[in-house]
Amino acid sequence: MLRRNATFLVISALTLCSAIAVALLRGMGAVWHALDATWDLILTVLPSIIGGLLLSAALRQLVPPGALARWMGAESGIRGLLVATAAGMAMPGGPVAAFPVVLVLAQAGADRGALIAFVLAWSLNGFQRIVVWELPILGADFALLRLICGLPLPVLAGLFARWLPIRWDPADAPGMQDRR
């Protein structure tokens, strides 16, 4: 129970310390202003959080356990890492959508190398990131250069993850604890 809530407890303690510091340095008006800004942010991200969790729950029901083992399992080789990389690049949305999908992929038979490739491809080479941010802000030449430099990284990281002697079982992930 403590391990599962450790992050929440640490963040809560840091938040409380920060609120006390703001109150002492800037007054209670600044604390209320921060709380108001926090509430606005919560209202902004809450639909994405709910959508990501609903997507994850729906995918868990639609994708049977082991269904992706052939495509992204330990025996899939480089092909599995390439499939995971392509899926990660195509994955829209932020962490609220992507990380629950990682658990669904794990449940469906993707191995840790494919999961690492998926997460790195999503975070480094996501299509929406390139179109929405890089092209308009940095231009086509830089976006292409960064994409080409970043393309091999998810596959290399996936190979490295398969080689590392760290045991990871998706059933041990906090998001899977209630599914046993």
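In helix 2, the residues Val 31, Gly 52, Ser 56 and Arg 60 are buried, meaning under 20% relative accessible area with a 1.4 Å probe and protein chains only. Helices are DSSP runs of H or I of at least four residues, and strands are runs of E of at least two, numbered from the N terminus. This is a predicted model, in which local features need pLDDT of at least 70, side-chain atom pairs count only at pLDDT 80 or more, and totals for chains, interfaces and linings use all residues. Residues are numbered from 1 along each chain as its sequence is written, and side-chain values use heavy atoms, with hydrogens and water left out.

**Helix 2**
- The 35 residues of helix 2 should span 51 Å at 1.5 Å a residue, and its end C-alpha atoms are 50 Å apart, which agrees; the expected span is 1.5 Å times one less than the number of residues.
- At Val 45, helix 2 bends by about 40°, and Pro 47 follows within four residues; the bend is the angle between axes fitted to the seven residues ending there and the seven starting there.

**Annotated segments**
- An unreviewed UniProt entry carries the annotation "transmembrane region" for residues 37-59, 80-108 and 144-164; positions are in the numbering used here, feature names are shortened, and annotations may be inferred rather than shown by experiment.
- Residues 80-108 are 83% helix and 0% strand, with end C-alpha atoms 13 Å apart.
- Residues 144-164 are 90% helix and 0% strand, and their end C-alpha atoms lie 31 Å apart.

Terms used. Buried < 20%, exposed > 50% of the residue type's maximum accessible area, 1.4 Å probe, protein only.
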